[in-house]
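Trainee: Please take one part of this model and go through it closely. I would like the local geometry and how the part sits in the surrounding fold.

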Amino acid sequence: MDGLDFEAIETAVRRRALQVAARAVERRLNTDTSDHRGSSCPCPCGQAARYAGRRPKTFQTALGEMTLERAYYDCAACGRGVCPRDRALGMEGTSLSPAATRMVGLVAAMVSFQESSELMDTLAGLPVDAKQVERTAEALGREIAKDERAVVEPAPPSAPTMYLGMDGTGVPMRASELEGRQGKQPDGSSKTREVKLVTVWSAEGRDEEGTPVRDAGSVTYSAAIESAATRDTDAVPSEFAQRADREARRRGFDRAPRRVVLGDGAPWIWNLADEQFPGAVQIVDLYHAKGHLWEVAKAIYGAGSNLGEQWAKQRRDELDEGKIDAVLAALRVHAEANDEARKCLDYVTRNRHRMRYPEFHAQGLCTSTGVVEAGCKVAIGTRLKRAGMHWTVAGADAIIALRCCKLSGRFEDFWERRSLAPAATG
Ligand SMILES: [Zn+2]
């Protein structure tokens, strides 16, 4: 057996075995003409489509290419072609079979459309070009986004203390998506749109120092480019507030004995927390607060100065010890002359009840948004913020929905619902 090229054998045999299987399934389907519904059949436009014979179409399937002959109906009213079999098999308006669609969805949730195309070819032996990956993944993502809004199956909380974190992160957009929008560029324009993310987790575990550690497998995400601001005159909460509410109900956050909302200092987070989750403990991320003080030290004393370092260290110790008044006093000294110090003074004043760190630690609560920031990076950044990527809002939202679904361990449930309702796709 020496000198045997086993890889060549396994690859060739797999290809051959799949071809044989594909031909068998193809024959079986093509001899079955029960999809002929007479001389006409209803078109989705409401008119009747006329029978125009059996027509072949080549599909990519888990077994490779398959050419199926299907009863074809022509609609004179809207120009559409209707194939009852495509609908019955869940392949209406696509050349990918359900199994191939699922594969494309899963890879495109994880890597770029181009890489997905390469992986489909290498791993599954299916030629699906990058453009088709994009179309398929975005269509699937839109279905998932719709499903996410429609289906909320409340579960009991997975731990006595449940955490809910919110954050925003910019995603690069195509110029056409940004026309007329205010942004942070020097000329007042914008290059990104903000994706808002809500994440729910538990942290019952402790490390050697007794610090809460998030429980493996407990993190779920939901995100979209949405507004979080609800005006007093609005009849319903903002889109993102509704999203956060759905995620909270899905995870039993709303019913947990102890509920904690974590975030940085962004006012929208705390407005939303007040409106949607009254009574939850609110905590401003400790590291974010410390980072703020560090920025102030740099602004007052210059980068790399010893004095500045000492100043920042004192303030951070005061934060750790719960001496908020001391922090405020130190900031007040510089507030008049220094913009950063004044902004930080406002920030600490506004959030002081969310910065009672010794109290939170004594209660065994997590005071870091590490999970939320990692969530932004994992759920959004690594897939949507890669070099050269520019999105449309619709495209970004679809891929975000797809990715959050996958990363939250919900893809299988979604797929089951989708398989049970094939006629609802498209
Ligand atoms: Zn029609």
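Mentor: C43 has a relative accessible area of 5%, so this residue is buried; the model is a predicted one. C78, by contrast, comes out at 36% relative accessibility and therefore counts as partly exposed, falling between the 20% and 50% cut-offs. Both cysteines belong to the site of the zinc ion, where the SG atoms of C43, C45, C75 and C78 coordinate the metal at 2.2 to 2.3 Å. The angles among these four donor atoms run from 106 to 117°, which makes the site tetrahedral. For reference, the ideal angle for four tetrahedral donors is 109.5 degrees. Along the chain, the donors of the zinc ion are spaced as C-x1-C-x29-C-x2-C. C43 sits in the loop between β1 and β2, whereas C78 sits in the loop between β3 and β4, so this pair ties together parts that lie 35 residues apart in sequence.

Strands of a sheet pair through backbone hydrogen bonds. Between β2 (residues 48-61) and β3 (residues 64-74), which run antiparallel, there are ten bridges.

Conventions. Residues numbered from 1 in each chain as written. Predicted model: local features only at pLDDT ≥ 70, side-chain atom pairs only at ≥ 80, totals over all residues. Heavy atoms only, no water. Pairing = 2+ DSSP bridges. Helix = DSSP H or I, 4+ residues; strand = E, 2+ residues; numbered from the N terminus. Donors = N, O, S within 2.8 Å, 3.2 Å for Na, K, Ca; no water. Tetrahedral: all angles 85-135°; square planar, octahedral: opposite > 155°, others 65-115°. Buried < 20%, exposed > 50% of the residue type's maximum accessible area, 1.4 Å probe, protein only.
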